[in-house]
Amino acid sequence: MLGLAVVGLAAGTPGGSTDLGWVPTGQPLAAGAFGAAIVVIGVGTRQLVARQAGHRAREDRRRRGITGWFRRSGGQPTEAAPPVSGCPVAHGAPHDPGQGVGPLRGPAPGRDTAPSEVDPAEAEDFLRMFHAENADAGPVEPRLDEVRREVDATGTYRHTPEELAFGARVAWRNNARCIGRLYWRSLQVRDLRHVSSAAGVAQRCFEHLCAAYNGGKLRPMISIFAPEAPGRPAPRIWNEQLIRYAGYPQADGSVLGDPRYLDFTRQMILRGWPPPEPRSAFDVLPLVVETAEEGARMFPLPDEVVHEVELRHPELACFDDLGLRWHAVPVISNSRLVIGGVSYPAAPFNGWYMGTEIGARNLGDTVRYDMVPVVAERMGLDTSNESTLWRDRALVEINRAVLHSFRTSGVTITDHHTESDRFLTHLEREERAGRSCPTDWSWIVPPMSGSQTPVFHRYYDTRSCCRTSSTTTTPPGGRSRSRPAAFG
């Protein structure tokens, strides 16, 4: 989501998650876009936190044909943390997720070991926060008594629809790495806790992509699937985002597509996914859903749910024949949502893109599509010396093309200057409400022209940021502990 830079929620590989646990790199793989957290502003291992001031803080948890310009040289990228980034469509025959590739061949990744039994203290923290901020919910004590009995009897409890929606929104509101939190109240929550089959999860994810796209007027949205419970593992999604592009190693050592997903692509091919022919730099990877009963299953995304924007420059004709494009809806799909001790491993969410997430990070990073040298050459810039600032000039034009293309296509997007101003508005509102606003400066400041934005020129409460940061904290010799509501 805009993290939601996508502006809104932060995305990242959750600590201890199993989605990419099988990638044989020997290093943890950082997550990707809403890049913003629900604001797609970056991807990285994180936990989105919702915390009520005054309560105890717990220290835990289309593929399209293109030119050869995307065959970037070099081998696998380093494990740098990329940014995170969010439909009524003319549907053809309904897509049947049951017609997926089938059970995956080969060993499945090890399952996450997050505790499924609820800590009553975590439940109490959340419920007191919910009732404190929702006067119409009535007194909290009767609800606490009910939940204590349920936890004693079953090891867990069920949130009311109102508690579920509140927990998801507050997790976005207090995400220290998200610049787009001004919109936290607008997050649409899809309660899909009754869905636990792989095909059911896949179908609802496809519906999410359509509903969130909304004809180009993107809606911040989260779909929450069945939770973990004692003796009942929940479904989980392997993919970092619902839509990501494959990366193929070439004989000359270059990469066709997105180098970030070389390992994921290779694993999908080994497990039975047939890449489209001819292969391109923008082949959409299949969705992988794992359940305890079915194992991991792959589901190709139907064309009608993958909305993409062709990137063109408002002035530079030399840019247009590069064949660049990007998908419109950034849906982070491998973050665990924890509300009051109840864990929801599958809770894909989106906001919309902040332009730099695509232009400066996905297309600009040297470990991604690495388009800056290509565009600089097309522009005829002097690249013989760094002091000519050719990288800066090319990067600006890539970002101009992204903003221009999304806006002329009628697809929601925001720029880093506007979003920086809006973040300060959010900060002021939180302070007026008497709430802390956890903020990680290194994530809030945009990856381009940072000093030209107001979020650069100030200090933030780093103590609050540490208490409610989006990273998972594990005490020495102990297990990670969750806060009242969080994405992990």
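At what angle do helix α1 and α3 pack, and how far apart are their axes? In this predicted model, local features need pLDDT of at least 70 and side-chain atom pairs count only at pLDDT 80 or more, whereas totals for chains, interfaces and linings use all residues. Residues are numbered from 1 along each chain as its sequence is written, and side-chain values use heavy atoms, with hydrogens and water left out.

Helix α1 (residues 120–133) packs against α3 at an angle of about 90°, the two axes lying 11 Å apart; α1 is therefore roughly perpendicular to α3, a term that covers angles of 65 to 115 degrees. Axes are lines fitted to C-alpha atoms, for helices over the stretch in contact, and angles run from 0 to 180 degrees between N-to-C directions. Helices (H or I, at least four residues) and strands (E, at least two) are DSSP runs, numbered from the N terminus. Contact (heavy atoms within 4.5 Å) brings F126, L127, M129, F130 and E133 of α1 together with E162, E163, F166, G167, V170 and R173 of α3. The residues of this contact comprise six nonpolar, one polar and four charged, where Ala, Val, Leu, Ile, Met, Phe, Trp, Tyr, Cys and Pro count as nonpolar, Asp, Glu, Lys and Arg as charged, and the others, Gly among them, as polar.

Four strands form an open sheet with mixed pairing, in the order β5-β6-β17-β14; two strands pair if DSSP finds at least two bridges between them. Strands β5 (188–192) and β14 (331–332) stand at the edges, each with a single partner strand, so one side of each lacks a neighbour in the sheet. Strands β5 and β6 run parallel and are joined by five bridges, with R190 having S223 as its bridge partner in β6. By contrast, β6 (residues 221–225) and β17 (residues 349–350) pair in the antiparallel sense over two bridges, and N350 is the bridge partner of M221 in β17.

Helix α4 (residues 198–213) packs on the sheet, where it touches β5, β6, β14 and β17, and its direction makes about 170° with that of β6. Helix α3 (residues 161–173) lies across β5 and β6, running at about 130° to β5. Five of the five residues of β6 are buried, buried meaning under 20% relative accessible area, exposed over 50%, and partly exposed in between (1.4 Å probe, protein chains only). Both faces of β6 are covered, with M221, S223 and F225 buried on one side and I222 and I224 on the other.

Methods. Parallel < 35°, antiparallel > 145°, perpendicular 65-115°, else oblique.
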